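Trainee: I have a model open and would like to learn how to read it. Where do we begin?
Mentor: We begin by looking at it.

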Amino acid sequence: MIPIEKLQLKEVSSTYSSGEEKLPVLDRVSLSVGAGEFVSVIGPSGSGKSTILKIAAGLLNPDRGKVFIDSSDITGNPQLVGYMPQQDLLFPWKTLKQNAALPLLAAKTKKKEAYARVEEMLPVFGLEGFADYYPYQLSGGMRQRTALMRTMLIDSDLMLLDEPFGALDALTRENMQDWLLRIWERFKRSALFVTHSIDEAIYLSDRVCVISERPGKNVLEQVIELPRPRKKELLTTEKFTSYKQMLIDALSVKS
Ligand SMILES: Nc1ncnc2c1ncn2[C@@H]1O[C@H](COP(=O)(O)OP(=O)(O)OP(=O)(O)O)[C@@H](O)[C@H]1O
Ligand SMILES: [Mg+2]
């Protein structure tokens, strides 16, 4: 069977310029996410992971290489995808509910219905009772969950998530991982997920891509053959530990 690719980055290179200075960030990075697949990207800080997601969303035009979504060349053309940037980017003058409802309102959903859908989701994200709070009245984790909830309300089957659980405490983080997997399984979405946590990458993914330090290059692509639905018991299995060792070794390779 020929795999159906949802997202493909082909030999993408990117450089940021500030004045005369040129900063090469990505060097011919290729990666793909199959339809319904969960793929994680790990790599050192500053290796270009967030840049990969910006390029995948069409928000940044790479110097070379191409990006395809559903086999269409979208390189440098912003797409309606479930993109959650690393900073939560909530509007400070809007309440939690108004922030979360933005993608629905942008898609011309009636205000009443949009707010009702947000209200419905609040308990799932542990935000019940906070609908009318402004971002400054929420904790860092709550703001991050609001941003994640908003991303989930975007009507796209491709999710690009940039360290969505970075600001959460360990327990909330574990709950959110299981919750994300349930959403992903239920809605058959395709996910490209950036994380610093090797455990999180293995636990969630069908495949993990390791990127070298800047300029980011492909170092390793590891298929994770662990049964689904994933359970926390997997974290202590021999197979999990051997994946972990492989990824640690790949991360320590110098570019
Ligand atoms: N808009 C920009 N202009 C100039 N340089 C930038 C810009 N955005 C990122 N960079 C630089 O590009 C490099 C890669 O940044 P990027 O945010 O993609 O890394 P990252 O792998 O996501 O890092 P982290 O794990 O810390 O989030 C860094 O050295 C950063 O300083
Ligand atoms: Mg980043």
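Mentor: Start with a definition: a residue counts as buried if 20 or more other C-beta atoms lie within 10 Å of its own, as exposed if 12 or fewer do, and as partly exposed in between. Keep in mind that this is a predicted model.

Trainee: By that rule, is Glu-163 buried or exposed?

Mentor: Glu-163 has 20 C-beta neighbours inside 10 Å, so it counts as buried. Glu-163 sits in the loop between strand S7 (158-162) and H6.

Trainee: What about Glu-11, buried or partly exposed?

Mentor: Glu-11 counts as partly exposed because it has 14 C-beta neighbours inside 10 Å. Glu-11 belongs to strand S1 (residues 5-18).

Trainee: How should I read the backbone angles?

Mentor: Most residues other than glycine have a negative phi, and most peptide bonds are trans. In this model Glu-11, which is not a glycine, has a positive phi of about 45°. Glu-163 is not a glycine either, and its phi is positive, about 45°.

Trainee: Which residues does a cis peptide bond join?

Mentor: One such bond joins Arg-228 and Pro-229, with omega about -5°. Pro-229 is in the loop between S10 and helix H8 (238-251). The peptide bond from Arg-214 to Pro-215 is also cis, and its omega is near -5°. Pro-215 lies in the loop that runs between strand S9 (207-211) and strand S10 (218-223).

Trainee: How do I read the side chains of a strand?

Mentor: In a regular strand the side chains alternate between the two faces of the sheet. Take S7: Leu-158, Leu-160 and Asp-162 point one way, while Met-159 and Leu-161 point the other way, and all are buried. Because five of the five residues of S7 are buried, the strand is largely enclosed by the rest of the structure.

Trainee: Which strands pair with S7?

Mentor: Strand S6 (residues 82-84) pairs with S7 in the parallel sense, over three bridges. There, Tyr-83 stands opposite Leu-160. S7 also pairs in the parallel sense with strand S8 (residues 190-194), over five bridges. Phe-193 in S8 is the bridge partner of Leu-161. With H6 included, S7 and S8 make a right-handed β-α-β unit.

Trainee: How many domains does the assignment give, and what are their bounds?

Mentor: The domain assignment gives domain 1 (5-81 + 156-251) and domain 2 (90-155). Ten residues from domain 1 and nine residues from domain 2 take part in the contact. On the domain 1 side, helix H6 (residues 170-187) supplies the largest share, three residues. The residues of that side divide into seven nonpolar, two polar and one charged. The C-alpha centres of domain 1 and domain 2 are 25 Å apart.

Trainee: How many residues surround ligand 1, and which are the closest?

Mentor: Ligand 1 is surrounded by 14 residues, the closest being Tyr-16, Ser-45, Lys-49, Ser-50 and Thr-51. S1, strand S2 (21-34) and helix H1 (49-56) are the elements that give two or more residues to this shell. H1 gives the most, with three residues.

Trainee: What classes of residue make up the shell around ligand 1?

Mentor: The shell has three nonpolar, nine polar and two charged residues.

Key:
Residues numbered from 1 in each chain as written. Chains lettered and ligands numbered in written order. Predicted model: local features only at pLDDT ≥ 70, side-chain atom pairs only at ≥ 80, totals over all residues. Domains from an automatic or database assignment. Contact = placed C-beta atoms within 7 Å. Helix = DSSP H or I, 4+ residues; strand = E, 2+ residues; numbered from the N terminus. Nonpolar A, V, L, I, M, F, W, Y, C, P; charged D, E, K, R; others polar. Near = placed C-beta within 6 Å. Pairing = 2+ DSSP bridges. Right-handed = clockwise from strand over helix to strand, strands pointing away.
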